[in-house]
Amino acid sequence: MARIIAGMGTSHVPGLGAAMDNGKTQEAYWQPVFKGLEPLRSWHRDHVPDVTIIVYNDHATAIALDNYATFTLGVAEQFLPADEGWGRRNVPTVQGHPELAWHLVESLVMDEFDLAVSGDLDVDHGLTVPLSIAYDQPEIWPTRVIPLAVNVIQYPQPTSLRCFKLGQAIRRAVDAFPDDITVGIWGTGGLSHQLGGERVGVVNPEFDTQFLDNLVSDPMANTRLTHTDFFREAGCEGIEMIMWNVMRGALNDRVSEAYRFYHIPVSATAYGAIILENP
Amino acid sequence: MERDYDDVPGTYVFDGRRYRMGYHLNMFLMSLNKAECRAEFAEDERAYLAKFPMTEAQQEAVLQRQWLKMLHLGGNVYYAFKLISHDRKPPQVMYGQMAEPNMSFDEFQAMMIAGGRPIDGNRSKKEQANG
């Protein structure tokens with residue numbers, strides 16, 4: 001039987017990927033960030049799942065206002081790093097897992113989550129930067145990946161609670177998958193940040209810390225946050241944090257926190273990462 | 001219809017109102033994902049913009065790189081990224097020009113390194129109006 005071994009939450013700031021791609025990780029600005037990622041990478045070296053479900057958002061790259069869905073699952077054999085305006089990132093092609101992906105589609109739709117399905121999806125920094133954060137610069141990514149794109153750009157985004165329930169439905173689906181494989185799930189984006197408007201640059205460490213604490217010990221508290229709570233308290237783009245609720249919903253009620261890292265700034269964001277293990 | 005998030009200062013939630021206002025502006029910005037479109041835009045910006053049914057004001061905002069104006073006219077910052085990247089400039093240049101008051105790249109970077117813009121005093125227009 002398939003089983004979910006752990007979840008990770010991480011911001012997916014494009015600048016982090018660019019710092020790695022351009023060999024800048026030892027510069028004064030980036031050094032503390034990559035130092036903080038060392039224990040996270042060490043954990044990942046010891047816990048590589050067969051498949052990782054990466055909950056991310058596309059940034060007007062493959063999915064945009066002409067056609068978008070609230071949730072889109074990638075079922076392809078592989079996913080190319082996207083050209084999102086500055087050429088494709090020079091990172092390995094992402095290998096999919098169509099068997100589990102199609103099992104998820106069937107199980108989730110029967111569970112009343114009506115997903116969009118994509119068989120041709122270039123993946124942008126929202127998905128490839130977390131892979132770089134976890135695995136640095138390998139020749140091939142050590143895990144297969146199922147992309148799950150969430151609309152966090154166009155209002156109305158799905159509610160915090162809906163995201164959590166989707167995570168619970170993913171858990172039921174994975175538990176019912178007959179093959180004996182290990183599965184990881186990542187929630188990406190956030191933490192507090194605002195990239196547009198006169199208030200650009202706002203961050204809120206108190207809100208972020210509470211969110212991370214809740215993720216560990218009181219996840220339902222995070223499902224009660226409204227859209228306006230995020231816009232107001234975590235910045236307009238802070239609503240990306242709802243994707244961490246999908247990850248959390250797929251884990252056990254009680255989890256153990258293996259690692260946490262928080263740092264301001266990465267570009268215009270508060271960077272956060274957390275690893276939660278199913279005991 | 002008024003929304004409760006309209007009370008958040010200096011913030012442009014990309015809702016249906018902005019979607020409709022900025023549809024063609026954002027579709028132009030998104031077209032810059034394609035190398036051949038970037039090349040065509042670089043060749044003659046005004047001629048390339050004429051292919052999209054944008055308003056005169058939206059075209060001017062693009063040509064003059066008025067980032068905040070683009071947001072006022074329905075642009076979304078994730079779409080605007082495509083243009084600042086095309087210009088080979090870091091996003092902090094765009095952030096600084098949207099900030100109130102305006103900031104240079106260095107000033108914006110310094111604000112973030114010092115811990116970012118504080119949330120206190122920046123939550124609510126009503127709260128700001130009442131001091």
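How many bridges join S3(A) to S6(A), and do the two strands run parallel or antiparallel? Three bridges do the joining, and the strands run parallel. This and everything below comes from a predicted model.

**View 1. Strand S3 of chain A, with a partner on either hand.**
Strand S3 covers residues 71–74 of chain A. Besides its parallel pairing with S6(A), S3(A) pairs with S7(A) over three bridges, this time in the antiparallel sense. Thr72(A) is a handy residue to look for: its bridge partner in S6(A) is Ala116(A), and in S7(A) it stands opposite Ala149(A). In a regular strand the side chains alternate between the two faces of the sheet. Here both faces are covered, with Phe71(A) and Leu73(A) buried on one side and Thr72(A) and Gly74(A) buried on the other.

**View 2**

S1 (residues 3–10) and S8 (residues 182–188) of chain A run parallel and are joined by seven bridges. To get your bearings, find Met8(A), which stands opposite Trp186(A) in S8(A).

Strand S10 (residues 269–277) of chain A is mostly covered, with eight of its nine residues buried. S10(A) and S1(A) run antiparallel and are joined by five bridges; one to look for links Ala6(A) with Glu277(A) in S10(A). S10(A) also pairs with S9(A), again in the antiparallel sense, over eight bridges. In that pairing, Arg260(A) has Ile274(A) as its bridge partner in S10(A). The hairpin of S9(A) and S10(A) has two residues between the strands, and Ser267(A) takes a positive phi near 55° there.

**View 2. A bend in helix H2 of chain A.**
Helix H2 (residues 31–46) of chain A has 16 residues and reaches 23 Å from its first C-alpha to its last, close to the 22 Å expected at 1.5 Å a residue. Look for the bend of about 35° at Glu38(A), where a proline, Pro39(A), follows within four residues.

**View 3. Thr223(A), in a loop of chain A.**
Thr223(A) is found in the loop between helix H7 (219–222) and H8 of chain A. Is Thr223(A) buried or partly exposed? It counts as partly exposed, because it has 19 C-beta neighbours inside 10 Å and the cut-off for buried is 20 or more. Leaving aside residues up to four places away in sequence, Thr223(A) touches Ser160(A), Leu161(A), Phe164(A) and Asn245(A). Cys236(A) is 13 residues from Thr223(A) along the chain, and their C-alpha atoms are separated by 18 Å.

**View 4. Where chain A meets chain B.**
The contact takes 35 residues from chain A and 42 residues from chain B. On the chain A side, H8 (227–234) and S9 each supply at least two residues. H8(A) gives the most, with five residues. The residues on this side of chain A divide into 16 nonpolar, twelve polar and seven charged.

**View 5. Helix H1 of chain B and what covers it.**
Chain B has nine helices and zero strands, and 40% of its 131 residues count as buried. Helix H1 (residues 16–31) of chain B bends by about 70° at Gly22(B). At 1.5 Å a residue, its 16 residues should span 22 Å, and the end C-alpha atoms are 21 Å apart, which agrees. Buried residues in H1(B) include Arg18(B), Gly22(B), Leu25(B), Leu29(B) and Met30(B). An α-helix has 3.6 residues a turn, so residues three or four places apart point the same way. What covers the buried residues of H1(B) includes helices H3 (45–49), H4 (56–63), H5 (67–72) and H6 (77–86) of chain B.

Conventions
Residues numbered from 1 in each chain as written. Chains lettered and ligands numbered in written order. Predicted model: local features only at pLDDT ≥ 70, side-chain atom pairs only at ≥ 80, totals over all residues. Pairing = 2+ DSSP bridges. Expected span 1.5 Å × (residues − 1). Bend = angle between axes of the 7 residues up to and from the residue. Buried ≥ 20, exposed ≤ 12 C-beta atoms within 10 Å, placed from the backbone. Contact = placed C-beta atoms within 7 Å. Nonpolar A, V, L, I, M, F, W, Y, C, P; charged D, E, K, R; others polar.
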